[in-house]
Amino acid sequence: MAGSFLGPAMQGFMVPAIQQTEELPEKRNSELEKLEIHLLLEAIYHHYGYDFREYAYASLKRRVENIRRAEGVTTISGLQEKVLHDPAAMRRFLLALTVNVTAVFRDPPFFLAFRQQVVPLLRTYPFVRIWHAGCSTGEEVYSMAILLQEEGLYDRCRIYATDMDEAVLKQAKEGIFGLDLADRYAANYSKAGGKKSFADYYTAAYGSAIFRSALKENIIFSQHNLTADSSFNEFHVILCRNVLIYFARPLQQRVHQLLYDSLAMFGILGLGSKESLQFMPQEPCYQQLEAGIKLYRRIQ
Amino acid sequence: MAYALIVVGTSWGGLSALEILLPAFPADFPLPLVVVQHRSADSGAALAAVLRRHSALAVREPEDKEAIRPGYVYIAPADYHLLIEESAFALTTDAPVGYARPSIDVLFESAADAYAERVIGVVLTGASHDGANGAAVIRAQGGLVIAQDPATAESPLMPRTVIERGAADYVLPLDEIGPFLVRLCARKPHLAPIRSARPDVDQP
């Protein structure tokens with residue numbers, strides 16, 4: 001009994017765990033796993049050109065482990081052999097490593113603040129270029145299109161929605177979501193200051209919903225890799241939400257420089273609700289519009 | 001080796017449980033606590049505000065890459081997974097795990113990866129299986145796992161799953177978990193042999 005080894009101070013309030021019906025997992029060799037992941041990322045970079053070497057380790061490792069299990073191999077070294085020799089496995093790897101799961105009007109207070117504080121600024125521009133960097137499956141892109149349409153601004157806006165993964169972009173372009181999500185999305189929509197009924201923006205059929213094609217008119221979906229490609233225009237608004245959380249600090253800094261270089265003076269940068277410009281060299285170049293909301297205005 | 005981090009997971013009934021657990025910790029408690037409480041995607045900062053009233057330690061929702069410091073109870077933000085890197089937090093919007101985001105398993109497994117035997121995992125009340133895998137990984141990596149005595153849990157499923165999995169080092173009534181951790185982490189000399197409490201460690 002474990003209890004008998006305890007000092008007197010501990011006796012009396014410890015109950016030893018006794019029932020054991022399942023085997024505990026084996027102790028992992030974290031250093032070896034780190035080495036294998038390092039080699040895997042180097043191999044992918046040198047063979048395919050995709051550079052994940054500066055991604056944040058904990059989340060990357062979790063994703064790589066999920067992929068390893070899904071591919072049915074027992075080690076990360078085994079996964080490396082598979083993705084190097086099987087381009088289809090590499091495509092699956094890429095998709096699984098890059099998809100972020102978001103929602104229509106994710107983080108409603110953000111969209112509400114955008115409507116109240118950014119829209120008035122945008123009204124002063126004759127033409128508005130918006131870059132949604134790392135748009136994943138597109139839910140937040142359509143949210144922005146809905147918001148701009150309700151504010152009467154959509155006709156003079158162009159939204160450039162980019163992601164590094166073609167498969168994700170294809171899904172974003174289709175603009176289809178599960179009808180089971182409609183209630184949750186409608187709730188988000190009204191909390192975000194929606195003025196009509198969310199159901200006005202999609203057509204439902206066979207358990208799925210597809211966004212109305214008018215919403216897609218001014219959206220340009222295209223492939224862009226934040227970690228490797230350079231700036232491709234100057235924008236009045238850049239949204240890059242919950243993308244940089246996947247990167248380690250040095251890469252975050254470089255991407256922040258790319259976003260800064262792509263943003264017009266007095267343009268607006270929107271980040272995820274738990275992302276911060278704190279400790280970034282670009283921090284002094286921005287002014288937060290409202291405490292607690294991750295909307296920043298470029299001031300220098 | 002001294003413990004460096006306490007991770008806590010709870011679901012249904014968790015708010016009341018945390019209101020009993022947290023007051024046990026003095027303001028100079030030497031370890032950071034990190035809590036996943038299952039909750040809806042749109043629940044905001046209210047949870048941290050409520051818990052603040054029950055804690056001498058500062059309570060906050062960490063931001064991405066924020067340093068992990070003692071003196072704080074960190075609450076996983078709604079609709080994100082919270083992970084532990086070597087000395088900082090990381091957040092993701094990966095798919096929910098077992099319908100949960102934040103997921104207890106995700107927090108626990110990443111803590112075990114980063115801190116190995118220096119982690120203490122605590123599983124409280126909850127109508128879920130979340131936390132069992134994570135607790136098993138913490139234990140396998142040499143850390144310590146405490147499950148709330150299911151008899152004292154508003155919803156016994158979650159701690160019971162951990163116990164049945166063989167992942168719990170200790171099963172304690174809710175009101176004794178806080179005082180136990182305070183004594184365990186006080187690093188008083190007479191508590192040093194606590195590691196021997198594990199029959200599989202340090203024993204011939």
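## Chain A overall

Chain A has nine helices and 11 strands, where helices (H or I, at least four residues) and strands (E, at least two) are DSSP runs numbered from the N terminus. This is a predicted model, so to speak of local features takes pLDDT of at least 70 and side-chain atom pairs count only at pLDDT 80 or more, while totals for chains, interfaces and linings use all residues. As for labels, residues are numbered from 1 along each chain as its sequence is written, and chains are lettered from A and ligands numbered from 1 in the order in which they are written.

Along the principal axes, the C-alpha atoms of chain A fill a box of roughly 75 × 55 × 50 Å. Of the 300 residues in chain A, 38% are buried. Here buried means that 20 or more other C-beta atoms lie within 10 Å of the residue's own, exposed means 12 or fewer, and partly exposed is in between, with C-beta atoms placed from the backbone. Take the contacts in chain A with a separation of 6 or more: 74% of them are between residues 24 or more positions apart. A contact needs the two C-beta atoms, placed from the backbone, to lie within 7 Å.

## Helix α7 of chain A

Helix α7 of chain A spans residues 166-174, and its buried residues are A:Val168, A:Leu169 and A:Ala172. Looking down the axis of α7(A), these buried residues fall within an arc of 100 degrees, so they line one face of the helix; the arc is that of the directions from the helix axis to the C-beta atoms. The general rule is that an α-helix has 3.6 residues a turn, so residues three or four places apart point the same way.

What do they pack against? The buried residues of α7(A) pack against α4 (87-98), α6 (139-150), β3 (157-163) and β7 (219-223) of chain A.

Most residues other than glycine have a negative phi, and most peptide bonds are trans. A:Asn242 has a positive phi, near 60 degrees, and is not a glycine. A:Asn242 sits in the loop between β8 (235-240) and α9 (249-261) of chain A, and it counts as buried because it has 25 C-beta neighbours inside 10 Å.

Over in chain B, B:Lys65 also isn't a glycine, yet its phi is positive at about 70 degrees. B:Lys65 is in the loop between β3 (58-60) and β4 (72-75) of chain B, and its 22 C-beta neighbours inside 10 Å make it buried. Then there's the peptide bond from B:Arg101 to B:Pro102, which is cis, with omega near 10 degrees. B:Pro102 lies in the loop between β6 (89-92) and α3 (104-115) of chain B.
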